[in-house]
Amino acid sequence: MARIAPLPIESTPDMAADFAFFERTLGFVPNSLRTMAYRPALAKGLIALSRGVYDPAGEVDLGFKRLIGHVASMAAGCLYCRAHTATSALRHGVAAEKMAAIADYRSSPLFSDAERVALDFALAAASQPNDVTDELFAGLRAHWNEGQIVELLGVIALFGFFNRWNDSLATTLESEPLQTAGSVLANTGWSAGKHAAGDEDIPA
């Protein structure tokens, strides 16, 4: 059960345009943002950061950025964010087979050497304590330029916020990411855990 109830969408009219954007792009408004809406400036700031991180003008593929966020969330143990990144990765062109193999990215033939080292970077950077070594960073530089590395780290840092937010509040998963993760991530041992809807979370 969520520890703070997400606000009804209609209760925050100053965020109507922001919420409409997510309705168009995701098909739903994330409960995490509806909880942040208790303080609209916080929600708007996070949305602005997200738009910068996922700028289509960047050099790193938008679907792969979701895989970076997914592996960072694996390191943090956030089941909510893993479900969201799986859903978003599929929406941005990542094949379901590749998404299902994410836990085995180091050995799966579906991932390139460049992708593997970037995902290693995500895992190390999101770990506590931080596990990025000079050797790992040198391997990263062999495949990615400095601007691309900044983009990758931007995703990891963004999910540092999201992971802590959603795990601390036990944010309830919405139906689409719940169903997607239950299907695509089933072989990774994923479960909704504390993010499953309780009776208190289901609208009357």
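**Entry 1: a proline in a loop**

I began with Pro129, which sits in the loop between H7 and H8. This is a predicted model, so I kept that in mind for every value below.

**Entry 2: a backbone angle at Ala170**

Next I looked at phi. Ala170 is not a glycine, yet its phi is positive, at about 50°. I placed Ala170 in the loop between H9 and helix H10, the latter covering 175-184. Is Ala170 buried or exposed? Its relative accessible area is 2%, so I wrote it down as buried, the limit for that label being under 20%.

**Entry 3: H3 against H9**

I then turned to a helix pair. I noted for myself that two packed helices are described by the angle between their axes and the distance between the axes. For helix H3 (residues 40-53) and helix H9 (residues 146-169), I read an angle of about 150° and axes 9 Å apart. Because angles over 145 degrees count as roughly antiparallel, I filed H3 and H9 as roughly antiparallel to each other. The crossing of H3 past H9 is left-handed.

Which residues make the contact? On the H3 side I listed Leu42, Leu46, Leu49, Ser50 and Val53. From H9 come Gly154, Val155, Leu158, Phe161, Phe162 and Trp165. Sorted by class, this contact has 9 nonpolar residues, 2 polar ones and no charged ones.

**Entry 4: aromatic rings**

I asked how many aromatic pairs a search of the whole structure would give. It came back with 7.

The pair of Phe21 and Phe22 is edge-to-face, with 5.3 Å centre to centre and 80° between the planes. Phe21 is partly exposed at 25% relative accessibility, whereas Phe22 is buried, with a relative accessible area of 13%.

Phe64 and Trp144 are stacked, with 5.8 Å centre to centre and 5° between the planes. I liked this pair for linking distant parts of the chain: Phe64 belongs to helix H4 (residues 62-76), Trp144 to the loop between helix H8 (134-141) and H9, and the two are 80 residues apart. I logged Phe64 as buried at 5% relative accessibility, and Trp144 as buried with a relative accessible area of 12%.

I also noted that Phe159, Phe161, Phe162 and Trp165 form one aromatic cluster. Among them, Phe161, Phe162 and Trp165 had already turned up in my list for the H9 side of the H3 contact.

Glu115 is in helix H7 (residues 113-126). I found Glu115 buried, with a relative accessible area of 15%. Leaving aside neighbours within four places in sequence, what does Glu115 touch? I wrote down Phe64, Lys98, Leu110 and Trp144, so both members of the stacked pair are in contact with Glu115. For a distance check I took Ile47, which is 68 residues from Glu115 in sequence and 26 Å away in space, C-alpha to C-alpha.

Lys65 is in helix H4. I have Lys65 as buried, at 1% relative accessibility. With neighbours within four places in sequence left aside, the contacts of Lys65 are Val53, Tyr54, Asp55, Val60, Glu151 and Val155.

Technical notes: Residues are numbered from 1 along each chain as its sequence is written. This is a predicted model: local features need pLDDT of at least 70, side-chain atom pairs count only at pLDDT 80 or more; totals for chains, interfaces and linings use all residues. Side-chain values use heavy atoms; hydrogens and water are left out. Helices (H or I, at least four residues) and strands (E, at least two) are DSSP runs, numbered from the N terminus. Buried means under 20% relative accessible area, exposed over 50%, partly exposed in between (1.4 Å probe, protein chains only). Contact means heavy atoms within 4.5 Å. Axes are lines fitted to C-alpha atoms, for helices over the stretch in contact, and angles run from 0 to 180 degrees between N-to-C directions. Angles under 35 degrees count as roughly parallel, over 145 as roughly antiparallel, 65 to 115 as roughly perpendicular and the rest as oblique. A crossing is left-handed if the near helix is turned anticlockwise from the far one by less than a right angle, and right-handed if clockwise. Ala, Val, Leu, Ile, Met, Phe, Trp, Tyr, Cys and Pro count as nonpolar, Asp, Glu, Lys and Arg as charged, and the others, Gly among them, as polar. Rings of Phe, Tyr and Trp (its six-membered ring) pair if their centres lie within 6.5 Å; planes under 30 degrees apart count as stacked, over 60 as edge-to-face and the rest as tilted.
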